[in-house]
Structure formats: C-alpha cells, structure tokens
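Visitor: I would like to learn how to read helix packing from a model. Where do we start?

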Amino acid sequence: MKPSIDVESLRTEHESDEQWEVRRNFMLEHKDDFEEAELITLAQLFTNIEFLGCRYPPQTMKRIAKLSEKVSAKYRESRKNKLKRTFVEASDAAEQKAKRTFK
C-alpha cells in the first residue's frame, strides 16, 4: 500500500496564493494515482505551462493537458472576470509617453 501524500506540506515559499491553489488542486486530484515525487514533478510542469508559458516535448505537453483538464477549466473560468495585462513594445510606450498620447 502506498503511503498517503500530505499535499498541504508541499507549498513552496515563492508561490503566490493563486499558483499554490492551482498546483494544490492538481495534486489533490491525482494524489492517489502517482508516487509523491512524480506527482510533484507533474504538478510543477503543469504550473510552469499555465503560469510561465513553458513548453516541453509534445508527449509531455499532451500528458499534462490530459491530466490538467479539470483543474485548467476551473482556473480559466475563475480568470474570466479578472483584469488582463496588455503588453506593448517598449518603443511604442516611449513614443506614447513622449507624445503624451495613450491608446
């Protein structure tokens, strides 16, 4: 019999509340399916993809996409009404500031 995984003890000090909640939900969903080391790795890959835009080999991306379907859907639904960041090129921002015109 596999020992129970204490998911609550796995939060790292650098994680925001939002990142921890998503990674925690992923681990809670799959804690009975994997050994602790593999679960931690899969959860970290998932949050790297979700929050940092990291890319991995296609087989890994497919596996994480499959494992994270429910958690991703729930997270993305919660983000619908949040403010969204808009990125502009530095040259455009400098030009707008110089001209005092903002789009």
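Guide: The model is predicted. Start with helix H2, residues 36-52: its 17 residues reach 23 Å from the first C-alpha to the last, close to the 24 Å expected at 1.5 Å a residue. Just after H2, Gly53 takes a positive phi of about 75°.

Visitor: Which residues of H2 are buried?

Guide: Leu39, Leu42, Ala43, Leu45, Phe46, Thr47, Asn48, Ile49 and Glu50 are. Their cover includes H1, helix H3 (58-67) and helix H4 (69-79).

Visitor: Is His30 buried or exposed?

Guide: His30 has a relative accessibility of 6%, and buried means under 20%, so His30 counts as buried. This residue lies in helix H1, residues 17-30. Beyond its neighbours within four places in sequence, His30 is in contact with Leu39 and Leu67.

Visitor: How is the packing of two helices described?

Guide: Two packed helices are described by the angle between their axes and the distance between the axes. Here, the axes of H2 and H4 come within 12 Å and cross at roughly 30°. Angles under 35 degrees count as roughly parallel, and H2 and H4 are therefore roughly parallel to each other. Their crossing is right-handed.

Visitor: Which residues make the contact between H2 and H4?

Guide: H2 contributes Phe46, Glu50 and Phe51, while H4 contributes Val71, Ser72, Tyr75 and Arg76. By class, this contact of H2 with H4 has 4 nonpolar, 1 polar and 2 charged residues. Phe46 and Glu50 are also among the buried residues of H2.

How values were computed
Residues are numbered from 1 along each chain as its sequence is written. This is a predicted model: local features need pLDDT of at least 70, side-chain atom pairs count only at pLDDT 80 or more; totals for chains, interfaces and linings use all residues. Side-chain values use heavy atoms; hydrogens and water are left out. Helices (H or I, at least four residues) and strands (E, at least two) are DSSP runs, numbered from the N terminus. Buried means under 20% relative accessible area, exposed over 50%, partly exposed in between (1.4 Å probe, protein chains only). Contact means heavy atoms within 4.5 Å. The expected span of a helix is 1.5 Å times one less than its number of residues. Axes are lines fitted to C-alpha atoms, for helices over the stretch in contact, and angles run from 0 to 180 degrees between N-to-C directions. Angles under 35 degrees count as roughly parallel, over 145 as roughly antiparallel, 65 to 115 as roughly perpendicular and the rest as oblique. A crossing is left-handed if the near helix is turned anticlockwise from the far one by less than a right angle, and right-handed if clockwise. Ala, Val, Leu, Ile, Met, Phe, Trp, Tyr, Cys and Pro count as nonpolar, Asp, Glu, Lys and Arg as charged, and the others, Gly among them, as polar.
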